[in-house]
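Here is a short report for a first look at this structure. It goes topic by topic.

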Amino acid sequence: MGLGSRWRRWILACLKSASISVLVNGSPTNKFSLERGVRQGDPLSPFLFIIAAEGLSILTKTVIENGLYKGVEIGNNKILVPHLQYADDTIFLGEWSRRNASNLMKLLKCFENV
């Protein structure tokens, strides 16, 4: 997505610098570092979600351009609509075929791995 190395280091620092403690019978344990992800309610979370959703859109566009997935065409102008995204929901729209469904599953597996 063209994000600079400095910006990526800032985000990584935000994700790796957090530490928490757990209350056990009302007494806090020793602090420990979070190794992965963001905490619930973290103000950075929606921004990171938008970046991930944009990545999914770019991946979907690439798969369509390579002829591996076919979305639906809507209206007289035949506007191609392969997916719709709103908030934290994504709906994929595509041609009903085994090949299309299989390639959609591969697209999602690739996105999960990334």
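## The hairpin

Tyr86 has Asp89 of strand S8 as its bridge partner. The model is predicted. Strand S7 covers residues 83-86 and strand S8 covers residues 89-92. The two strands run antiparallel, and four bridges join them.

Two residues sit between the strands of this hairpin. Ala87 takes a positive phi there, near 50°.

## The largest nonpolar core

Seven residues form the largest nonpolar core. They are Leu56, Val63, Ile64, Tyr69, Phe92, Leu104 and Leu107. Two helices each supply at least two residues of this core: H2 (45-65) and H3 (98-113). Helix H2 gives the most, with three residues.

## Around Ile64

Ile64 is one of the core residues. Which residues is Ile64 in contact with, leaving aside its neighbours within four places in sequence? They are Tyr69, Leu80 and Pro82.

Val22 lies in a loop. That loop runs between strand S1 (19-20) and strand S2 (23-24). Is Val22 buried or partly exposed? Val22 is partly exposed, because its relative accessible area is 40%.

Conventions. Residues are numbered from 1 along each chain as its sequence is written. This is a predicted model: local features need pLDDT of at least 70, side-chain atom pairs count only at pLDDT 80 or more; totals for chains, interfaces and linings use all residues. Side-chain values use heavy atoms; hydrogens and water are left out. Two strands pair if DSSP finds at least two bridges between them. Buried means under 20% relative accessible area, exposed over 50%, partly exposed in between (1.4 Å probe, protein chains only). A nonpolar core is a set of buried Ala, Val, Leu, Ile, Met, Phe, Trp, Tyr and Cys residues joined through side-chain atoms within 4.5 Å. Contact means heavy atoms within 4.5 Å.
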